[in-house]
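Good morning, and thank you for joining. Please take a moment to look at the sequence and the structure before I begin with the charged side chains.

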Amino acid sequence: MTRVSLLGVASQLPERVVDNSFFAEGTAARRGMFTAPTTRRHVQPGETAAHMIEQAARRLIEQQEIDPARDIDILCTNVAIPDQAFTGCGAEVAARIGARPRWVIDLHNSGCVSFLYQLDLARTLMASGEARGALLCCVQNAGGRLFSQAGVRQLTQAPIPGDGCGVGYVRVGDVSPLLSLVQHCQPEFAADMTAIAEDGRQYWEPGPSPIRIAFSEARVAAIIQRGNALVPELVRLACEQAGVAARDLALLVTNQPSPIFLRNWREALELAPGVHHDTFARLGNLFGAALPINLEDALASRRLEPGALVCMAGFSHAGDYAAAAVIRWRPSLHV
Amino acid sequence: MTELSPLALAGIPGLVRCEQFDREAIAELLTEMTHGAYPHQQVYGDYCTVHAHIDCPPERVFSYLANPYSLLEWTYSVRSLQPTPTPGLLVGVDAQDTPLYCRVESHADALTVDYHCAWDQGRELWMVYLNRLVPAERVLQRPGTVLIWTNCRHPYYAKNPFPELEPARERTWVGDLWPFFYAGHSIELANLKAILEHRQRAGLPVGPQLLTPAGGGPGMPGERVRS
């Protein structure tokens, strides 16, 4: 397959910082699956996904010296709560940054592992020889758009999500090569995460209740078991395909639904302290934006040796998608 | 309706009961305690339990296990068992030439078979192998037997209490092998399962199949094969 490289990532966080006093009393003391972060960001009304992607993409374009009109053949987006009802914001993003992509793909699936799903799509299209560069964009905006609503913000689930946007640029070549990428769809889990409204209305029907995620004890137990197993399994698989060992990873970034999952994945993979980098305490559950945001955050706070192995992994929703990828970080920039 | 006395649990700290922990609080505790993987030491550090389903009726598994001469078949290294002057106490060799003393304590009604053993001497049988057999029909809705085998880490595993009985040559103390007990016991349990299931499938006597009269006394005759 054509070699592709992840050249860089950039993020954009909403300005509004929300602490635990915004939510139900006792939020900070919660433990287990609904452990609350200390802070999280919320988008404000009018803060669109297209705008967030534009801001993050502009930084990346500058940083990587990308000519948007020439270098972006594929533009992928995944937005938790899309700006518009009927279509995604990819084309609007292209207009804002001056790109003329042949393919605009607004994904409404793959949630927390969307970054890797997009990466897989991009490398597959690139293998056709028809594309050389791809902009991958993930936006989590459910914190401000859903979980800050009256009637939801008092719920146990409300303090966990945090908003943010992360983008990445992928290009054909060996600069920072993708060594392996595995992504699985477990369709049998697809119906296990649903958004519901208290009054029973469909989300498109008018009504007074806000929507929230339907959790039950049995569902949480099943999701914990799936998540515990899926992520380490795919990390090992991706390492195996890359011909490396999990213990050789210099950096692992994952989605971050809960500190419990982060702990369990670290333990199961027997990683050295500090290898698994997360931003949960500060930014909460970033859904699909976690992978690029955590990667950028990790790169800002540590120096990776040329050629260091970076793994990105996660699972989405109730386990319907899971993926892992291993990248050899920028070996060719230093030779 | 039976109710607890108001002071039944007075003065006992640290209990987790629904009166103090609501559904949300217990969910927090449960998820926090549920890891994806557990270190070997945490799981097998102080107790070592192995278990298996054996496709052989509980009475036949019991009869086989309750006969100490079966150890000659399914264990990795218990050999040459013979009676001692003490009734019910046998001596054999383990780990090549270490004397192994063993007495079986079994209860047919409860389907328990415990091996009380020790190396080097038979006065204090401190290595105790606890086996409980459960009719699989009752717990797994399938024929056969569930065998649950537990060893507890007696303090003597840490240090040989009778060093004066140790043979002069260098010998690895049994307790030093505790980290391998899960693996060792799993291997022996797999032997046990294979032997019993083979004989069950073939319609053979459950065994053990012994060449020489065992002289083990009533209740443990074994089945002898003519040479």
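I start with R70(A), which is exposed, with a relative accessible area of 56%; here exposed means over 50% relative accessible area, buried under 20%, and partly exposed in between, with a 1.4 Å probe and protein chains only. The partner of R70(A) is D71(A), and their side chains form a salt bridge at 2.8 Å, N to O. By the rule used here, a salt bridge is a side-chain nitrogen of Lys or Arg within 4 Å of a carboxyl oxygen of Asp or Glu.

Some remarks on method. This is a predicted model, in which local features need pLDDT of at least 70 and side-chain atom pairs count only at pLDDT 80 or more, while totals for chains, interfaces and linings use all residues. Residues are numbered from 1 along each chain as its sequence is written, chains are lettered from A and ligands numbered from 1 in the order in which they are written, and side-chain values use heavy atoms, with hydrogens and water left out.

Over all chains, the structure holds 21 salt bridges. One of them joins D192(A) and R226(A), at 2.9 Å from N to O. D192(A) lies in the loop between β8 (178-185) and β9 (195-197) of chain A, and R226(A) in helix α6 (residues 217-242), so this pair ties together parts that are 34 residues apart in sequence. Helices (H or I, at least four residues) and strands (E, at least two) are DSSP runs, numbered from the N terminus. Both D192(A) and R226(A) are buried.

Another salt bridge brings E54(A) and R58(A) together at 3.0 Å, N to O. Why are they separated by about one helical turn? The two are four residues apart in helix α1 (residues 49-63) of chain A. In general, an α-helix has 3.6 residues a turn, so residues three or four places apart point the same way. E54(A) is buried, at 11% relative accessible area, whereas R58(A) is partly exposed, at 41%. The pair also belongs to a network of salt bridges that links E54(A), R58(A), E92(A) and R96(A).

Q140(A), in strand β6 (residues 133-140) of chain A, is buried, with a relative accessible area of 0%. Its side chain reaches the backbone oxygen of G162(A) at 3.3 Å, and a polar atom of that side chain lies 3.3 Å from the backbone oxygen of N285(A). Leaving aside neighbours within four places in sequence, Q140(A) is in contact (heavy atoms within 4.5 Å) with residues including M52(A), A80(A), P161(A) and F287(A).

Finally, the interface. Which chain do 10 residues of chain B contact? They are in contact with 13 residues of chain A. The two chains bury about 1,100 Å² between them, 43% of it on carbon and sulfur atoms; buried area is the accessible area (1.4 Å probe) that two parts lose on being put together, summed over both. In chain B, E28(B), T31(B) and E32(B) lose the most area to chain A, together 44% of what that side buries. The rule finds two salt bridges across this interface. E24(B) forms a salt bridge with R30(A), with the closest N and O atoms 3.4 Å apart.

Methods:
Polar contact = N/O pair within 3.5 Å; in protein donor to acceptor, adjacent residues only side chain to side chain.
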